[in-house]
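Please report on the salt bridges of this model and on the sheet they accompany.

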Amino acid sequence: MTEVPEGLNYTKTHEWYRKDGNTATIGITDYAQSQMTDIVYVDLPKVGDKKKAGDVLLTIESVKSAEDVYSPITGTVTAVNEEVAKHPESINKDPYGSWLVKMAIESEGEHLSASEYRKLIQ
């Protein structure tokens, strides 16, 4: 069963983000990591990069494919998770604990609640 925690925002392209004031912590969903299988590489953006909602934020490579991860918000990258870059397989083990980037929020794109996202992936 795919895990979809309450209290997060989700996108139709399988990203999650958690708002904390003006900061968004962003990762990929359990569904996304299960579709990719064994993740072997994460190409993180640079701190200071500006992204619009819907822009490619970064790329994740698995043994099956390389997939783009899209920014769920418009804003500036304020932190990247270097541990995920060193240990990309951690995303497979804990997709909600293995955040990818943090961004200062200028505006949010379209997002889904946990219940809406569950309906999408059924």
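Lys-86 is exposed, with 57% relative accessible area, where exposed means over 50%, buried under 20% and partly exposed in between (1.4 Å probe, protein chains only). Its salt-bridge partner is Glu-83, which is partly exposed at 46%.

The model is predicted: local features need pLDDT of at least 70, side-chain atom pairs count only at pLDDT 80 or more, and totals for chains, interfaces and linings use all residues. Residues are numbered from 1 along each chain as its sequence is written, and side-chain values use heavy atoms, with hydrogens and water left out.

A salt bridge here is a side-chain nitrogen of Lys or Arg within 4 Å of a carboxyl oxygen of Asp or Glu. The count comes to three.

| Pair | N to O distance |
|---|---|
| Arg-118 and Glu-6 | 3.1 Å |
| Lys-19 and Glu-108 | 2.8 Å |
| Lys-86 and Glu-83 | 3.6 Å |

Lys-19 is partly exposed at 43%, and Glu-108 is partly exposed at 32%.

Helices (H or I, at least four residues) and strands (E, at least two) are DSSP runs, numbered from the N terminus; two strands pair if DSSP finds at least two bridges between them. Six strands form an open antiparallel sheet in the order S1-S2-S3-S9-S8-S5. Strands S1 (9-10) and S5 (50-51) are at the edges, each with a single partner strand, so one side of each has no neighbour in the sheet.
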